[in-house]
Amino acid sequence: MADAIDIWAAYDGVDLNVLPEIKKNGGDHWFYNGNRPRYGSIILEGTAVDFRVNSWILYKYGINTWFIWHSTHWQHNGQGPKKHLQQNIFENPLTFINDNMEYGNGDGILFYPGHMPFYPEEDRGLNEIFPSIRLKNIRRGQQDADIMWMAEQKVGRDKVISIINKVVPKALNEVSMKDSVQWSQHGDDYDRVRDELLKLL
């Protein structure tokens with residue numbers, strides 16, 4: 001459809017077959033939350049690099065947006081058995097569950113509160129928020145993507161893609177949902193490629 005050019009993909013990931021046409025018409029194709037093995041998960045059971053790899057995938061496939069639905073889901077939304085509950089996120093990792101009993105541990109939480117009036121035993125007595133390790137891994141991935149872009153200005157995009165393919169050979173709908181994860185799940189591999197890219201600058 002001509003007017004449906006700015007679209008997003010939910011759990012099945014970006015369709016790389018239609019992405020060029022969408023971009024040609026001035027739109028973009030997003031991916032949403034997490035969906036192993038096509039892109040990194042956002043739940044606690046994912047590896048640390050799940051939060052880092054998504055920025056690599058964005059760069060590699062020329063996608064501008066990774067949409068995460070929530071980062072301070074301290075009060076559960078209006079669905080499921082925890083409907084509207086003030087959540088004790090330090091005690092219970094189950095932070096999202098819907099009416100169909102689909103759930104995610106750590107889903108919707110990237111920041112932790114320093115003040116918890118509903119659970120005084122968990123109150124840190126600070127009027128500030130604390131970043132999670134997951135949030136820091138998102139930042140690391142964004143820094144990596146900036147390095148990729150800078151390296152691209154020096155040696156060209158094809159060269160940069162050939163280097164990052166060492167750790168992210170395939171993603172999105174290049175990967176069947178029955179496949180194993182195709183990207184490296186070891187942070188050291190990303191650091192080695194990052195160092196290789198830095199040497200190009």
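Apart from neighbours within four places in sequence, Ile164 is in contact with Trp56, Tyr59, Lys60, Met148, Val193 and Leu197, where contact means heavy atoms within 4.5 Å. The model is a predicted one, in which local features need pLDDT of at least 70 and side-chain atom pairs count only at pLDDT 80 or more, while totals for chains, interfaces and linings use all residues. Residues are numbered from 1 along each chain as its sequence is written, and side-chain values use heavy atoms, with hydrogens and water left out.

A nonpolar core is here a set of buried Ala, Val, Leu, Ile, Met, Phe, Trp, Tyr and Cys residues joined through side-chain atoms within 4.5 Å; buried means under 20% relative accessible area, exposed over 50%, and partly exposed in between (1.4 Å probe, protein chains only). Helices (H or I, at least four residues) and strands (E, at least two) are DSSP runs, numbered from the N terminus.

The C-alpha atoms fill a box of roughly 55 × 45 × 30 Å along the principal axes. Of the 201 residues in the chain, 43% are buried. Among contacts between residues at least 6 apart in sequence, 56% join residues at least 24 apart.

On a 1 Å grid over the protein atoms alone, a cavity is a set of points where a 1.4 Å probe fits but cannot get out, and a pocket is an open set with protein on both sides within 12 Å along at least five of seven lines; lining residues have an atom within 4 Å of a point. Grid points are joined across faces, edges and corners, and a volume is the space filled by probe spheres set on the points. The second largest pocket holds about 200 Å³ of space. Helix H2 (49-61) and helix H3 (133-155) are the elements that give two or more residues to its lining. Among the lining residues are Ser55, Leu58, Tyr59, Ile68 and Ile138.

A search of the whole structure finds one cavity of 30 Å³ or more. Ile42, Phe51, Ile68, His70, Gly106, Asp107, Gly108, Ile109, Leu110 and Arg134 line the largest cavity.

Phe67 lies in strand E3 (residues 66-67). Phe67 counts as partly exposed because its relative accessibility is 37%. Beyond neighbours within four places in sequence, Phe67 is in contact with Trp30, Phe31, Tyr32 and Asn33. From Phe67 to Val193 the separation is 126 residues in sequence and 25 Å in space, C-alpha to C-alpha.

Further along, strand E4 (residues 94-97) and strand E5 (residues 103-105) run antiparallel and are joined by three bridges; two strands pair if DSSP finds at least two bridges between them. Phe96 stands opposite Gly104 in E5. The hairpin of E4 and E5 has five residues between the strands, and there Met101 takes a positive phi near 65°.
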